[in-house]
Protein chains: 2
Amino acid sequence: MSVDDKFSRLGTDNAPGQEVRQKTGDLHNLMRGAALAGTPVDFSHGDVDAFTPTPGSFEVFADGVRAGGRQAYTEYRGAAAIREDLAGKLAAFTGAPVDAADGMILTPGTQGALFLAIASTVGRGDKVAVVQPDYFANRKLVEFFEGEMMPVRLDYMKDGADAGLDLGQLEDAFRRGAKVFVFSNPNNPVGVVYSEAEIRQIAELAGRYGVTVIADQLYSRLRYSDASYTHLRASGIDPDKIVTIMGPSKTESLSGYRLGVAFGAPKLVGRMEKLQAIVSLRAGGYSQTVLQTWFSEPEGWIDERTRLHKAIRDDLLEALRAVEGVAARTPQAGSYLFPRLPDMAVTPSDFVRILRLQAGVVVTPGTEFSPHSATSVRLNFSQDHAAAVGAVERMVELVARYRA
Amino acid sequence: MSVDDKFSRLGTDNAPGQEVRQKTGDLHNLMRGAALAGTPVDFSHGDVDAFTPTPGSFEVFADGVRAGGRQAYTEYRGAAAIREDLAGKLAAFTGAPVDAADGMILTPGTQGALFLAIASTVGRGDKVAVVQPDYFANRKLVEFFEGEMMPVRLDYMKDGADAGLDLGQLEDAFRRGAKVFVFSNPNNPVGVVYSEAEIRQIAELAGRYGVTVIADQLYSRLRYSDASYTHLRASGIDPDKIVTIMGPSKTESLSGYRLGVAFGAPKLVGRMEKLQAIVSLRAGGYSQTVLQTWFSEPEGWIDERTRLHKAIRDDLLEALRAVEGVAARTPQAGSYLFPRLPDMAVTPSDFVRILRLQAGVVVTPGTEFSPHSATSVRLNFSQDHAAAVGAVERMVELVARYRA
């Protein structure tokens, strides 16, 4: 593939946060009625002014600056002492050992970890099983490295004990030669958590077919029910065949510090470090210190944050489900809602842009996550509660206005 | 090329800062005499405790944190206001217009900019002209994207008005189909500045053969003589065929904030942003604010910093040149010295490791920069003055001890 081709496939016009670069074009010809007043809400990402960063994070960063050179220039995989501290916490959280010396790398955001993990496993023509819908970067990364996508369906509208992964299709992809499987748990954009049965099945199939799994568990701390969360890395999978990715950007609102971590197979982590050396050198040196606050938040802080998010989730679900033709599965974790909208008189893509221009409401189009979810939109509901409810009310009003 | 092959070629064992991961193996069998006492000096990178970050940089970072969500989540190419401010300063510095909206991207370090620039121009089998010696990541990046290296010699030991680029070889590479030319000016590791004649010739040849040029000008602010510095982007080159890279990590000691900037051809910058969206999302949001201090340092601060570096340079050169068989060109800019050492009784690679273990002196082996500079080593002399002199004295003593 030529560089031209590669980049023409790598679109970001609809990526979260990039809406400001969109041209509005002839959209005004399609618009009906007047604009709706209300606090603008950008559901494309969380509002870290509404849910602020972990208490003490800035002070710890300041300590990093004061530490000077030894913190500015760490090993490419991150400062040894910080990895050491984190390894214990992540082992306790996930239920399987973490090798601080050789099995862990700090990265600029979880995006950085995902990039390095895919780059370290996927080459030209390699088959990669990818869930649909799932985080849009998975697909883009596989395409960038010229891998071959093998879509595996997640039945994202069906409520039930399982997330809804089509395990038959997964095995079929593995049987037909998939070398890598990448998925997010909880799923982004749907917010469903894979059941223990599903996770055990994934581990079993990966073992049987020798598939390497990249498990993106970015949202695994923000969970709404007592339903169990099963960590794939502690579910009997070959430790040399899995890399797990997490980070404090979402639940902990530390995105501004750009921090992520990947842990798992030393061989793959070693590759990731080699690559990071020419991609970005390291996660910001001073920022790395902020990881000391992670899994060490004040007593009850995560519980309270979870409670507040659950309350927003419930109010938004209620507002959305009151509308005929709107359906939404209940997220079990994370802060994403992925409602399906009814048929419209405008295209889904135009509706998303109209929503921004007429109602001050930014959502991410469903096509970013799967070609089969064009009528869904993703909302990150980590927002000011009242503003989010108001924004969804305006969205509901525009759904009525543009309904087919 | 398989992923295995790709990563087996991507070595970082000798990369600056990674020495801590080296195994010492059987080195003790080769060692002669006792260890030398003295303050350890890591010449693989600058000491930001000796030359501290720009005054006020931390306070500006704190402003970024206080700004909250709008600064945590910027466009992938960086906050518009910061780009706007920087564009004016970079246009004034380089002598050609900078397009803040479409022709500039903020990146996690200049390494981030270099990665994105190479990724956006070099595909499998594309020919890329690379200077030898030059910054080691250039070669590694070209190889990672499966480009074909076309080495162009820099006669790095010859003093003179020109840097010493073999322009005949450069034209030959262009004639044989080089699509991209990447080079650092001032050169890393040698510290020489390309003359106006050389830069004009590069611009002319790039125009004639339609070659895209990536100019890494990371060190272009720290210059020791009144000799002119010629910016390629202001030397008649097609603006759609050049990307210039700079950043405040070195001269300004802001490496801990991970900041770089690339500016030039909007088409290429657009690609770089698309890619950054899946590599690391953006330069750290809060860190971006630190760029406000760049080119706005206190009056005389850069001059004083330059004066202090020049004094260290001169003392180290004097100590090195007193040794028979050691040769070193005088750096005109930056903080790198690249002396050539005499023949040793141990391999150059073992000498570098012995130097670390017996004298507490870390240098970067010449092979990182070119296969033809194995007997040279690179020293970043942005260090505590006395410690650097002491370290070079120990190095000189070991040169005598291990001389062939």
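User: Where in chain B is Ile237(B) found?
Analyst: This is a predicted model, in which local features need pLDDT of at least 70, side-chain atom pairs count only at pLDDT 80 or more, and totals for chains, interfaces and linings use all residues; side-chain values use heavy atoms, with hydrogens and water left out. Residues are numbered from 1 along each chain as its sequence is written, while chains are lettered from A and ligands numbered from 1 in the order in which they are written. Helices (H or I, at least four residues) and strands (E, at least two) are DSSP runs, numbered from the N terminus. Ile237(B) is in the loop between strand S6 (212-216) and S7 of chain B.

User: Why does Ile237(B) count as buried?
Analyst: Buried means under 20% relative accessible area, exposed means over 50%, and partly exposed is in between (1.4 Å probe, protein chains only). Contact means heavy atoms within 4.5 Å, and, neighbours within four places in sequence aside, Ile237(B) contacts Ala203(B), Ala206(B), Val213(B), Leu232(B) and Ile242(B). Ile237(B) counts as buried because its relative accessibility is 7%.

User: Is Gln71(B) buried or exposed?
Analyst: Gln71(B) belongs to helix H3 of chain B. Beyond neighbours within four places in sequence, Gln71(B) is in contact with Gly64(B), Ala79(B), Ile82(B), Gly285(B), Tyr286(B), Gln288(B) and Thr289(B). Its relative accessibility is 5%, so Gln71(B) counts as buried.

User: What span does helix H4 (residues 80-94) of chain B reach from its first C-alpha to its last?
Analyst: The expected span of a helix is 1.5 Å times one less than its number of residues. H4(B) has 15 residues, for which 21 Å is expected. The span in the model is close to that, at 20 Å.

User: Which elements of chain B do the buried residues of H4(B) pack against?
Analyst: The buried residues are Ile82(B), Arg83(B), Leu86(B), Ala87(B), Lys89(B), Leu90(B) and Thr94(B). Just after the helix, Gly95(B) takes a positive phi of about 80°. The buried residues of H4(B) pack against helix H3 (69-72), strand S2 (104-107), strand S7 (242-246), strand S8 (260-264) and helix H10 (285-288).

User: At what angle do the axes of helix H5 (residues 109-119) and helix H6 (residues 136-144) of chain B cross?
Analyst: Axes are lines fitted to C-alpha atoms, for helices over the stretch in contact, and angles run from 0 to 180 degrees between N-to-C directions. The axes of H5(B) and H6(B) come within 10 Å, and the crossing angle is roughly 35°.

User: Which residues make the contact of H5(B) with H6(B)?
Analyst: By class, the contact has 6 nonpolar, 2 polar and no charged residues. Ala, Val, Leu, Ile, Met, Phe, Trp, Tyr, Cys and Pro count as nonpolar, Asp, Glu, Lys and Arg as charged, and the others, Gly among them, as polar. H5(B) contributes Gln111(B), Leu114(B), Phe115(B) and Ile118(B), and H6(B) contributes Ala137(B), Asn138(B), Leu141(B) and Val142(B).

User: Which residues have the most contacts inside the largest nonpolar core?
Analyst: A nonpolar core is a set of buried Ala, Val, Leu, Ile, Met, Phe, Trp, Tyr and Cys residues joined through side-chain atoms within 4.5 Å. The largest one has 129 residues. Those with the most contacts inside it are Phe181(A), Phe183(A), Leu275(A), Phe181(B), Phe183(B) and Leu275(B).

User: What is the relative accessibility of Ala117(A)?
Analyst: Ala117(A) is part of helix H5 (residues 109-119) of chain A. Not counting residues up to four places away in sequence, Ala117(A) touches Ile214(A), Ile245(A) and Met272(A). It counts as buried because its relative accessibility is 3%.

User: What kind of peptide bond joins Asn185(A) and Pro186(A)?
Analyst: Pro186(A) lies in the loop between strand S5 (180-184) and helix H8 (196-209) of chain A. In chain B, a cis bond joins Asn185(B) and Pro186(B). Between Asn185(A) and Pro186(A), omega is about 0° and the bond is cis.

User: What is phi of Glu146(A)?
Analyst: Glu146(A) sits in the loop between helix H6 (136-144) and strand S4 (148-153) of chain A. With a relative accessible area of 14%, Glu146(A) is buried. Most residues other than glycine have a negative phi. In Glu146(A) phi is positive, near 65°.
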